[in-house]
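Work through the exercises below with the sequence and the model open. Each task is followed by a solution in steps.

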Amino acid sequence: MATENTRGLARLMLAPSVVLLLVWMVVPLAMTLWFSFQNYNLLNPANVSWAGLFNYQYFYTDPAFFQSIWNTLLIVGGVLLITVVGGIAIALMLDQPMWGQGIVRIMIISPFFVMPPVAALIWKNMIMHPGYGVLADINRALGFQPVDWFAQYPLFSIIIIVAWQWLPFATLILLTALQSLDGEQVEAAEMDGAGAFSRFVYLTLPHLARAVTVVILIQTIFLLGVYAEILVTTNGGPGYASTNLPFLIYRTALLGYDVGGASAGGIIAVILANVVAIFLMRAVGKNLDK
Amino acid sequence: MARAVSNRRKTIATIVAWLVALIIFFPILYTVLTSLKTEPEAIQGFSLVPSFTLESYVTVHTQRDYFKPFMNSVVLSLGSTLLALLVAVPAAWSMAFSPTRRTKDILLWMLSTKMMPAVAVLVPIYLIFRDFGLLDTRIGLTIMLTLINLPIVVWMLYTYFREIPGEILEAARMDGASLWGEIVYVLTPMAVPGIASTMLLNIILAWNEAFWTIRLTTTNAAPLTAFITSFSSPQGLFWAKLSAASTLAIAPILIMGWFSQKQLVRGLTFGAVK
């Protein structure tokens, strides 16, 4: 139907986006790959030489490496667990008739719009601070010792902060999905004597499957790259207790000036992201095709 | 009878929901309240009643020059959004109105560029920026934010454009409209709401981006994300000042966000959930 002319025009319109993204994807990645095989330190930039697999070996034998991968997965897993379960619960709650629903909704989605450094600093100083934080105030009022969250449970504290930021996202998407649930179906099930619990398990949950899939996919992309929250709270510590892979690479690159080592780490991060992406796509592919 | 039961249920739902909402919203609320306290007041222990002083706002503005990072945030988020739209509108348009066999592959490929971890290209981007003199410049960062959000912008526009019925185009063509007339008088008015929503979401994402904006700037081009990060090593009493700076940094986007709930779902799920 489309003529040669319009087809050519369509290609021309598409070209800038494709070219830009292609360059943006290929050039830096190729450079990272090249650097990862070089001895290249920014403190000694005149002395660059071929390193073979040394950088990978170095990164692999670094005791922080496995811990950082484990921490990365813990952050992704922990936040997903909290936001999906919490999101379903809050979405169900918001779906009930109530007074002031608009305001409740606005309050619940608000954390999503708070920029990561602000969110982390608010939690660090106003909520979790062992001296002046609200949680410390509560502990003292109840007669307990205040907890020094970032020293004792650094990773857990970061998971809480990140989960707080992403809970609204999960809630909003699950609520949107919930509201498209067929009311007549629910009524029919009710008439047939299905209790609230079995209605939830056999009707609501399957209906939400697609939305849950989308939530997991999109959040994973962002959660693999958690950075600012760690930078302003624990700075990766104590030790490497709250260092994830992005943070380890940042430390190697911009604090250690080790271009080669950081690039090897970067390639490992790409591989990890791809493994997760493939695994997720496969696990959820069927769900998305519906 | 049934009415009484449902009223009771509504009351319980209301109480539970408000309680949960207040707990989730509390950190933001407490920040706003603390920003209205004096410094000694801010660390005196839990209190929901500030003295409503604006001194922290004044201090943040005069001592730390809040205006510069704020303007940087405005310029970067608006600039990168407009630039992304400029590139993405034609692309989304052509894929929505003259799709080919490869359209779906191209869309998925664009999405996959979002999956590349930013940190993996930190070193090359840093070196490129250094060598081209782009470090700590608004231009460099605007280009960066444009590239990061481009896939989302294309996707979102595509889902909106696809909903514009093709028959309308054919009708216009039958009535003798030229291609130009078609675009200006028929399609544009129908595309404006979608473009506006996309713009809104992209401004929010660009405003809150906190990896490149922190790593590629120092002072000149530092937006609010980097400015607030500089508060992470406190000197002396700073709770109220931190709160004031934080409140100012999140207020504009928070308000924009409240008005764009629906678009947000659609934009962030790439049209998969509406």
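A nonpolar core is a set of buried Ala, Val, Leu, Ile, Met, Phe, Trp, Tyr and Cys residues joined through side-chain atoms within 4.5 Å. Buried means under 20% relative accessible area, exposed over 50%, and partly exposed in between (1.4 Å probe, protein chains only). The model is predicted, so local features need pLDDT of at least 70 and side-chain atom pairs count only at pLDDT 80 or more, while totals for chains, interfaces and linings use all residues. Residues are numbered from 1 along each chain as its sequence is written, chains are lettered from A and ligands numbered from 1 in the order in which they are written, and side-chain values use heavy atoms, with hydrogens and water left out.

**Exercise 1. The largest nonpolar core**

Task: find how many residues the largest nonpolar core has, and which have the most contacts inside it.

Solution. 
Step 1. The core has 170 residues. A:Trp24, A:Leu245, B:Phe161 and B:Trp212 are those with the most contacts inside it.
Step 2. The greatest contribution to this core, 17 residues, comes from helix α8 (residues 154-178) of chain A. Helices (H or I, at least four residues) and strands (E, at least two) are DSSP runs, numbered from the N terminus.
Step 3. In chain B, domain 1 (2-58) and domain 2 (67-232) each give at least three residues to this core. The domain bounds come from an automatic or database domain assignment. The C-alpha centres of these two domains of chain B are 36 Å apart.

**Exercise 2. Helix α12 of chain A**

Solution. 
Step 1. Contact means heavy atoms within 4.5 Å.
Step 2. After the helix comes A:Tyr257, with a positive phi near 55°.

**Exercise 3. A loop residue**

Task: is A:Ser36 buried or exposed, and which residues does A:Ser36 contact?

Solution. 
Step 1. A:Ser36 sits in the loop between α1 (4-35) and β1 (38-39) of chain A.
Step 2. Its relative accessible area is 0%, so A:Ser36 is buried.
Step 3. Apart from neighbours within four places in sequence, A:Ser36 is in contact with A:Gly52, A:Asn55, A:Tyr56, A:Gly260, A:Ser263, A:Ala264 and A:Ile267.
Step 4. A:Ala262 is 226 residues from A:Ser36 along the chain, yet their C-alpha atoms are separated by 7.5 Å.

**Exercise 4. Salt bridges**

Solution. 
Step 1. A salt bridge is a side-chain nitrogen of Lys or Arg within 4 Å of a carboxyl oxygen of Asp or Glu.
Step 2. A:Asp137 and A:Arg140 form a salt bridge, 3.1 Å from N to O. Both belong to helix α6 of chain A, 3 residues apart, about one turn of the helix. An α-helix has 3.6 residues a turn, so residues three or four places apart point the same way. A:Asp137 counts as buried because its relative accessibility is 14%, whereas A:Arg140, at 41%, is partly exposed.
Step 3. B:Glu39 forms a salt bridge with B:Lys241, with 3.3 Å between the closest N and O atoms. B:Glu39 is in helix α2 (residues 39-42) and B:Lys241 in helix α12 (residues 239-258) of chain B, so the pair ties together parts that are 202 residues apart in sequence. Both residues of this pair are buried.
Step 4. B:Arg130 and B:Asp131 meet in a salt bridge, 3.3 Å from N to O. B:Arg130 is partly exposed at 39% relative accessibility, and B:Asp131 is exposed at 55%.

**Exercise 5. The end of helix α6 of chain A**

Task: is A:Asn139 buried or exposed?

Solution. 
Step 1. A:Asn139 is in helix α6 (residues 134-141) of chain A. Its relative accessibility is 18%, so A:Asn139 counts as buried.
Step 2. Beyond four places in sequence, A:Asn139 touches A:Phe144, A:Gln145, A:Pro146 and A:Val147.
Step 3. Just after the helix, A:Gly143 has a positive phi of about 90°.
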